[in-house]
Amino acid sequence: MRMDLIQPFIGALDTVLSEMTKSTATIADLTMEEEGYRKKGLAAIVTFKGQVEGRIVLDMEPGVAVAIAGYLAGAEVDPADAMVSEAVCELANMVIGNAVTQLNDRGFQFKVFPPQILTQEQCEKAGQSSEATVLRFQTPSGNVHLNIAMHYYARRGRERSTVSVR
Amino acid sequence: MKQFEALTRKKDHQPVRYLIVDDSVFARKSLAKMVESFGGQVAGEAGDGCTAITEYTRTKPDIVLMDITMPQMEGIEAVERIVQEHPDARVVMVSSVGYQDNILAALQKGARHFVQKPVKPDALYEIIRYVLNDDGVTAPVGARGEN
């Protein structure tokens, strides 16, 4: 997988987490996964199509999800509250949106679909026929995993003027 | 949350009324808190572009805060349709996806400004002041709702 496609996501996660939680996230490790996807906690998936196609899963341990929901809501949030899932989706939206902005401004064009909470069914699909790069970030509240599986289609790049992507 | 000098409508000194459009309930709540800290009032909410159009007609807000990526109808199309029917509509795009093409498309369809998520309250406040232009005035914190 091309590192220039992954780098913006690392930067975006760090920027968004720093901005929203007033803490820093450090990369603890980077691994490659080819097997089916296993959730670590609460996860949101964002898919995209176009010159770059694939999906990204933002997966966080329940403690981190609750802490982030609390930060975002400006108040303590019950772990069972639906707001926690919403917060995970919104965080994924921000991280991926910021990274996609950087990629698009570098000339990669693709359409992003709204984030969804990752279900078990999507989990199985997410792990099929795709090699993923998995980054584990450490935050003061626990681990956040960014699972990135995407492909760059150079041919679509050359045909960019005829491809209808946003 | 930090409290700002209340932004009111110049014509009647009433709070500025907002329509908040975002498919994320969480994002809507977060923006609602922000506009309340500006002394504003949430006139309506919508989770997609279609609902935004009907809510605009129903609530006639002073400002629309509009997400881009939404189900059913995306924000840019919703802006176009709102501005076609209501040329004076003041729409501010609020999206995590902030690339040039998107911003240009939104501005060409009639949006007045663009702000990228995560939204910083100070930045949004200044943008709203700018978009309201002469139709908005500020009052010191504590003087809200007074004529």
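Which pattern does chain B follow, read along the sequence? Chain B runs β-β-α-β-α-β-α-β-α-β-α-β, and its secondary structure comes to 5 helices and 7 strands. Helices here are DSSP runs of H or I with at least four residues, strands are runs of E with at least two, and both are numbered from the N terminus.

This is a predicted model, in which local features need pLDDT of at least 70 and side-chain atom pairs count only at pLDDT 80 or more, while totals for chains, interfaces and linings use all residues. Residues are numbered from 1 along each chain as its sequence is written, and chains are lettered from A and ligands numbered from 1 in the order in which they are written.

Of the 147 residues of chain B, 48% count as buried; a residue is buried if 20 or more other C-beta atoms, placed from the backbone, lie within 10 Å of its own. The C-alpha atoms of chain B fill a box of roughly 40 × 30 × 25 Å along the principal axes.

One helix to examine is α2 of chain B, residues 49–59. Its buried residues are B:G49, B:A52, B:I53, B:E55 and B:Y56. The cover over these residues includes β2 (17–21), β3 (41–46), β4 (63–66) and α3 of chain B. Just after α2(B), B:K60 takes a positive phi of about 45°.

Two packed helices are described by the angle between their axes and the distance between the axes. Helix α2 and helix α3 (residues 75–85) of chain B pack at about 25°, with axes 9 Å apart; the axes are lines fitted to C-alpha atoms over the stretch in contact, and angles run from 0 to 180 degrees between N-to-C directions. The two helices α2(B) and α3(B) are therefore roughly parallel, a term for angles under 35 degrees. On the α2(B) side, the contact is made by B:G49, B:A52, B:I53 and B:Y56, and on the α3(B) side by B:G75, B:E77, B:A78, B:R81 and B:I82. Residues are in contact if their C-beta atoms, placed from the backbone, lie within 7 Å.

Chain B also touches chain A, and the contact takes 21 residues from each of the two chains. On the side of chain B, the elements that give two or more residues are α1 (25–37) and α4 (100–108). The largest share of that side, 5 residues, comes from α1(B).

Definitions and conventions. A residue is buried if 20 or more other C-beta atoms lie within 10 Å of its own, exposed if 12 or fewer, and partly exposed in between; C-beta atoms are placed from the backbone. Angles under 35 degrees count as roughly parallel, over 145 as roughly antiparallel, 65 to 115 as roughly perpendicular and the rest as oblique.
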